[in-house]
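Here are my notes on the model, as numbered points. Please read them with the coordinates open.

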Amino acid sequence: MSKNVIFHTMDYGVDTITPVDSQQPQQSKSWIGFPLNRTEGEKEPIKYGCEDHWTWNRHDRSHEVRLYGSGMRVAHFHPNWSSGTAGVRGTRILNNGRYYWEVQVSQRIFGTSMMFGIGTKKACLHKNVFTNLIGEDENSWGLSHKGLIWHRGLWVQYTIPFRENQATTVGILFDGVEGTLTFYKDNKCLGVAFRNLQQVREPLYPMVSSTACKTEMTLSYMRRDFVNLQDRCRAVILKFVKTKADLDQLELPPMIKNYLAEAISRNFVPVNYYILNV
């Protein structure tokens, strides 16, 4: 592609796209309408929320992705060699909520494309070619390690490229109320990347992908906003009630116990520490 594009409005991401000469200097506001002011990076995303609990989906991944670690939070791409692009979806449905998660990327940062973002169930998880998988069509929205954001096969220069062979942490903030997707890098906010995502009616999930051999992406930190007052109260109780045994000792109505137990059971630990291809 010889030209950058400017995203003006979005329905599943983009409605109208205006080509812009790639040499044209950026103006005071970005291609999506947010000020180029990065002071937001000092703020903690979802400061008053609670811990979230989800993992990479062992049933929704490329055959070139291996999952292991506590809760299967480590995604290992192309364990032998790479001849294409592999991706994996998370188990968390994002629509209508506010969620923040961080992905620690191993120092093996190189290749055609390592990507972070969100997508629907229709988003492809494997290609036998090296490509920018997340954002290749209307079903996903992604950021590549080369500093480009992608949607519908179109790209925009969003930030500077990541340093190759240097470990980093990528944060993703999804706001289903405002309909925005914002990326962070090493605790610095890079600004809003996509808008109008509240218009997406299909379930949206976290996604990562890579073309590079033997790369790893680890879910290291997850938070979410409270859904309601009941949800907030449960989060406070679970600071003191850690296990099912602790819960059984409380004299509570069965309905309340079941509600608390739902959150406790999310702390999933796999039977096998290292999962190859199950």
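1. Arg152 sits in the loop between strand E12 (148–151) and strand E13 (154–157). Helices (H or I, at least four residues) and strands (E, at least two) are DSSP runs, numbered from the N terminus. Arg152 has a positive phi of about 55° although it is not a glycine. Most residues other than glycine have a negative phi. Arg152 is partly exposed, at a relative accessible area of 37%. The classes are: buried under 20% relative accessible area, exposed over 50%, partly exposed in between (1.4 Å probe, protein chains only).

2. Basis of these notes. This is a predicted model: local features need pLDDT of at least 70, side-chain atom pairs count only at pLDDT 80 or more, and totals for chains, interfaces and linings use all residues. Residues are numbered from 1 along each chain as its sequence is written, and side-chain values use heavy atoms, with hydrogens and water left out.

3. Ile46 also has a positive phi, near 50°, and is a residue other than glycine. Its place is the loop between strand E2 (16–20) and strand E3 (50–51). Buried or partly exposed? Ile46 counts as buried, at 5% relative accessibility.

4. Strand E9 (residues 114–119) is largely enclosed by the rest of the structure, because six of its six residues are buried. In a regular strand the side chains alternate between the two faces of the sheet. Both faces of E9 are covered. Met114, Phe116 and Ile118 are buried on one side; Met115, Gly117 and Gly119 are buried on the other.

5. Which strands pair with E9? Strand E17 (residues 205–210) pairs with E9 in the antiparallel sense, over six bridges. Strand E11 (residues 140–144) also runs antiparallel to E9, and five bridges join them. Two strands pair if DSSP finds at least two bridges between them. Gly119 has a partner in each: Tyr205 is its bridge partner in E17, and Ser140 stands opposite Gly119 in E11.

6. Helix H3 (254–264) has two sides. Tyr259, Leu260, Ala263 and Ile264 are buried in H3. They cover an arc of only 145° around the axis, which puts them on the same side of H3. The arc is that of the directions from the helix axis to the C-beta atoms. On the other side of H3, Pro254, Met255 and Asn258 are exposed. The cover over the buried residues of H3 includes helix H1 (229–237) and H2.

7. Leu238 lies in the loop between H1 and H2. This residue is buried, with a relative accessible area of 18%. Leu238 touches Leu260, Ala263 and Ile264, not counting residues up to four places away in sequence. Contact means heavy atoms within 4.5 Å. Leu238 and Ile264 are 26 residues apart in sequence, and 7.7 Å apart in space, C-alpha to C-alpha.

8. Leu250, Leu252 and Ile256 form a nonpolar surface patch, with about 210 Å² of accessible area together. Patches are made of residues with over 30% relative accessible area and no salt bridge; like charges are joined within 9 Å, and nonpolar side chains (Val, Leu, Ile, Met, Phe, Trp, Tyr) within 5 Å. Accessible areas come from the Shrake-Rupley method with a 1.4 Å probe; for residues, only the protein chains shown count as cover. Leu250 is in the loop between helix H2 (244–248) and H3. Leu250 is partly exposed, at 31%.

9. How many salt bridges does a search of the whole structure find? The search finds 13. A salt bridge is a side-chain nitrogen of Lys or Arg within 4 Å of a carboxyl oxygen of Asp or Glu. Arg89 and Asp60 form one of them (2.6 Å, N to O). Arg89 lies in strand E7 (residues 85–90) and Asp60 in strand E4 (residues 56–61), so the pair ties together parts 29 residues apart in sequence. Both Arg89 and Asp60 are buried.

10. Asp175 and Arg98 meet in another salt bridge (3.1 Å, N to O). Asp175 lies in strand E14 (residues 168–175) and Arg98 in strand E8 (residues 98–105), so this pair ties together parts 77 residues apart in sequence. Asp175 is buried, at 9%, whereas Arg98 is partly exposed, at 23%.

11. The side chains of Glu136 and Lys127 also form a salt bridge (2.7 Å, N to O). Glu136 is partly exposed, at 22%; Lys127 is partly exposed, at 29%. Salt bridges that share partners join Asp52, Arg92, Arg224, Asp231, Arg234 and Glu262 into one network.
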